[in-house]
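Subject: Structure handover

Hello,

Here is the structure for you to look over. My notes on the ligand site and the pockets follow below.

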Amino acid sequence: MKRRPLIAGNWKMHKTVAETLAYIEAFKPLVAGVEDRDIMLAPPFTALDAAQRALEGSPVALGAQNCHWEEEGAFTGEISARMLSDIGVSYVIIGHSERRHLFRETDEMIRKKIAAVLRHDLIPILCIGETLEEREAGKTLSVLERQLKEGLKDFSARDLKNLVVAYEPVWAIGTGKTATPEQAEEAHAFCRRILAEMFGADFAETVRILYGGSVKPENIVGLMARPDIDGALVGGASLKPDVFARIVCFGRMK
Ligand code: PGA
């Protein structure tokens with residue numbers, strides 16, 4: 001079975017509202033009529049509302065880059081899944097390696113965030129991936145297994161029916177070093193086996209696993225040719241509308 005591809009852009013801490021609107025104006029015509037795949041953009045929190053209005057009627061869905069696990073309360077500086085749902089966000093990126101490493105997010109925090117995202121019927125994109133040190137020590141697969149098992153342990157296949165997983169080797173993020181399609185496929189196939197063990201074969205067959213880490217127009221086709229790679233989570237190359245549109249439109253005749 002071929003899963004519907006998802007190409008997601010993560011802008012990280014980039015772009016003002018005016019820059020967001022200019023981007024969307026340029027991007028929308030470039031992806032108009034693209035119906036055989038899902039497209040998502042995750043601007044910073046401050047631009048989500050404006051982006052939502054500007055994307056209305058287009059096939060591009062809106063994502064957030066993070067959220068807190070509580071509904072509301074004394075959590076200065078945080079944003080809840082409830083607030084994201086309120087302004088029309090569809091996807092939330094959870095456990096990005098920058099959150100895990102720079103902001104010390106643990107597997108337990110990530111699990112609570114996924115629960116919050118699911119309570120509001122949003123789609124979690126759970127990011128997992130090994131550091132260079134872990135890869136060199138031969139621990140890649142055990143790190144991925146731990147991150148999946150700990151991050152998803154309290155849920156059922158039914159709870160997670162829309163789950164998206166993103167495999168992002170930390171050493172490939174923003175470094176220009178992409179995992180080869182073979183390295184990525186090995187990790188993706190392994191993750192699918194773990195998900196089959198946890199939630200059954202049917203679940204594993206339908207869950208989308210994205211690759212992230214220096215994805216560009218030049219390497220998307222080779223990655224997407226692999227059977228277990230269902231899309232991409234794109235950082236740096238999603239910041240320019242024409243470059244991101246070339247990634248989104250991979251494999252289409254233009
Ligand atoms: P990159 O980032 O495409 O700039 O490597 C990917 C990500 O962090 O999701």
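Start at Gly235: one of its backbone N or O atoms lies 2.8 Å from an oxygen atom of the ligand. That is a polar contact (a pair of N or O atoms within 3.5 Å; within protein, one must be able to donate a hydrogen and the other to accept it, and residues adjacent in sequence count only if both atoms are side-chain atoms). A polar backbone atom of Gly236 is also 2.8 Å from a ligand oxygen. For Gly174, the distance from a polar backbone atom to a ligand oxygen is 2.6 Å. On its own the ligand has 280 Å² of accessible area (Shrake-Rupley method, 1.4 Å probe), and the protein covers 96% of that.

Before you go on: this is a predicted model, where local features need pLDDT of at least 70, side-chain atom pairs count only at pLDDT 80 or more, and totals for chains, interfaces and linings use all residues. Residues are numbered from 1 along each chain as its sequence is written, and side-chain values use heavy atoms, with hydrogens and water left out.

**Ligand shell**

The ligand has 13 residues around it (a heavy atom within 4 Å). Lys12, His96, Glu168, Gly174 and Ser214 come nearest. By class, the shell holds 4 nonpolar, 7 polar and 2 charged residues. Here Ala, Val, Leu, Ile, Met, Phe, Trp, Tyr, Cys and Pro count as nonpolar, Asp, Glu, Lys and Arg as charged, and the others, Gly among them, as polar.

**Pockets**

A pocket is an open set of points on a 1 Å grid over the protein atoms alone, where a 1.4 Å probe fits, with protein on both sides within 12 Å along at least five of seven lines; lining residues have an atom within 4 Å of a point. Of its 18 lining residues, Lys12, Gly174, Ser214, Gly235 and Gly236 lie nearest the centre. The lining divides into 5 nonpolar, 10 polar and 3 charged residues.

The largest pocket holds about 460 Å³. It is also lined by 18 residues, with Phe45, Gln65, Asn66, Arg99 and Phe103 closest to its centre. Its lining has 9 nonpolar, 5 polar and 4 charged residues.

**Backbone**

Lys12 is not a glycine, yet its phi is positive, about 55°.

Best wishes

Conventions
Points joined across faces, edges and corners; volume = space filled by probe spheres on them.
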